[in-house]
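User: I have just opened this one and would like to talk it through. Please start with the sheet and go on from there.

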Amino acid sequence: MPQPWEPMLHETDHQLLQQAAAGGTAALGLLYDRYGRLVFSVALRISGERGSAEEITQDVFLRLWRYADRYNPAHGTLVAWMLTITQRRAIDELRSRHYGSKRREVELPEALPLAGGDHAQQAQLRTDVQQALAELPTAQREVIEGVFFGGLSRQELAQRMGSPLPTIHTRLRLAMEKLRVLLGDEAP
Amino acid sequence: MEDTIIPPPCPDPHCDQIAVLLATAALGGALDGDEQTRVLGYVTTCSGCRRRLEGFARVAQALPLSVSEAEPSPALRERIMRAGAQSGPRRQPLRPARPPRRGVFTGALIAMALLLAIFIGQQQLRLQQQAVQLGQQQTTLVQQQQQTARNRALVIAAFGNADSREARLTAAQGDSVASGRVLISPGAAAVVVYAKELPPLAAGRVYQVWLQGEGVLRAVGTFQPDQNDRAWALLQTAAPLPKPEAIFISDEPAPGSTAPIGPELLRASFP
């Protein structure tokens, strides 16, 4: 017997979001089925703790629902928007846990990140970015990961890596320029 | 040994320094107040920096996809569904899906909006904190928030206009080290100025921005530098601006002059 949510399987993210925002919990569940694992994985990568990661994931999906009017589909994919929120939320949690800084209310991005694309294109992007990171020299990759996944400032990275700050700056700049090219961005 | 990549040519001698700050901003890293002013200044007045930021933002967007996948507990889904059901339906409708706007500055708009969402949000937070400390009323906080939102909308509108033009400001006096950049959108009646190392102002003086074009000279607005002698100013006039031939900055008595009477400090020409 077909389930009531089965017709929704083929609906777009925005259509599901509209239904979830109108009180459709089945649609919220489907959005979670699509992206919950990825959101959780990013949260876990940053926070390092399953309990925190689940809390962050729950927070992200509930924010998605409450502030769905901030999402502008003209600017990019829903998943990109969600992952931006996830990264900020998780970094904030990490810093408040490790450095004792007061947890701030994470401002929701009104302007969206840039990528579009369907699930197949995102799968390709996943392969591309994993490969691109693997091609970076170790020290450059550590700087990127330290800032993005570790929430470390450039000064903290310099201390941790035992390198002068200008060296960290150079690694950061070179790494981002290389990633930009490897991920298909045209040089100016 | 670390490999190298030859960066694209950039006309500005501070390009590499700005690239580090742009990369940090795109990755969500911390920038202090002075660095934020510098980034805002370059991104709002340099198309090369905007393209770079856009490219870095694409990288940052892809990075989350690099993580190894992990499975949350089955109970998480149920908790989210229950919490959603308890929240009830929204009252505001979602905005409809529209195709992306195509225009000269579409990518730059998004890059700018991304940056502004970070910086102006942080500025707003600082203003709020200051207001709380000063015991200011809620109405003042609301006014500040509204001004912040207007600033954001104005800069985005300025970029969205096909008439937007940018230029480098150079010192009018030979021994001055002052420099800067300017973006003007006549249609949006907006001018964005980024300037640094201006000669210090005497008490009761301001820097004033002037526009020459189509046979007229218009006063655009005034600004003050921050404690690092940098200035990022967003100026809007009541009426559309003429097509610019030149923009210059002079040292004038506060609150500004109806015609320039003080020394000219910086000038940009628009051929």
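**Sheet and domains of chain B**

Analyst: F248(B) stands opposite R267(B) in β8(B), where a strand is a DSSP run of E at least two residues long, a helix is a DSSP run of H or I at least four residues long, and both are numbered from the N terminus. This is a predicted model, in which local features need pLDDT of at least 70 and side-chain atom pairs count only at pLDDT 80 or more, while totals for chains, interfaces and linings use all residues. Residues are numbered from 1 along each chain as its sequence is written, and chains are lettered from A and ligands numbered from 1 in the order in which they are written.

User: And what stands opposite R267(B) in β1? I mean, which residue is it?

Analyst: That is T170(B), which stands opposite R267(B) in β8(B). Strand β1 (residues 165–171) and strand β8 (residues 264–269) of chain B run antiparallel and are joined by two bridges, and two strands count as paired if DSSP finds at least two bridges between them. Strand β7 (residues 246–253) of chain B also pairs with β8(B), in the antiparallel sense and over five bridges.

User: How many bridges join β1(B) to β2?

Analyst: Six bridges join β1(B) to strand β2 (residues 179–185) of chain B, and these two run antiparallel. L169(B) has G180(B) as its bridge partner in β2(B).

User: What is the order of the strands in the open sheet?

Analyst: The order of the eight strands is β5-β4-β7-β8-β1-β2-β3-β6 in chain B, with antiparallel pairing, and the sheet is open. Because β5 and β6 (230–236) of chain B stand at the edges with a single partner strand each, one side of each is left without a neighbour in the sheet.

User: Is E214(B) exposed or buried?

Analyst: E214(B) is exposed, because 12 other C-beta atoms lie within 10 Å, whereas E197(B) counts as partly exposed because it has 15 C-beta neighbours inside 10 Å. The cut-offs are 20 or more other C-beta atoms within 10 Å for buried and 12 or fewer for exposed, with partly exposed in between and the C-beta atoms placed from the backbone. Of the 271 residues of chain B, 37% count as buried.

User: Back up a level, then. How is chain B divided?

Analyst: Chain B is divided into domain 1 (10–63 + 103–160) and domain 2 (165–269), with bounds that come from an automatic or database domain assignment. In contact across the two are 15 residues of domain 1 and 15 residues of domain 2 of chain B, contact being C-beta atoms, placed from the backbone, within 7 Å. On the domain 1 side, the elements that give two or more residues are α2 (33–45) and α6 (138–160) of chain B, and α2(B) gives the largest share, eight residues.

User: And the fold order?

Analyst: Chain B has six helices and eight strands, and from the N terminus on its elements run α-α-α-α-α-α-β-β-β-β-β-β-β-β.

User: Where is confidence lowest in chain B?

Analyst: By element, it is lowest in helix α5 (residues 106–133) of chain B, at a mean of 55, and highest in β7(B), at 96; the score is pLDDT, the predictor's confidence in each residue, from 0 to 100. Over residues 1–9 of chain B the pLDDT is below 50, and this stretch has 11 contacts in the model beyond near neighbours in sequence. Residues 97–106 of chain B also stay under 50, with 14 contacts beyond four places in sequence. Where pLDDT is low, the predicted coordinates should not be read in detail.

User: And overall?

Analyst: Chain B averages a pLDDT of 77, with 68% of the residues at 70 or higher, and the model scores ipTM 0.87 and pTM 0.76.
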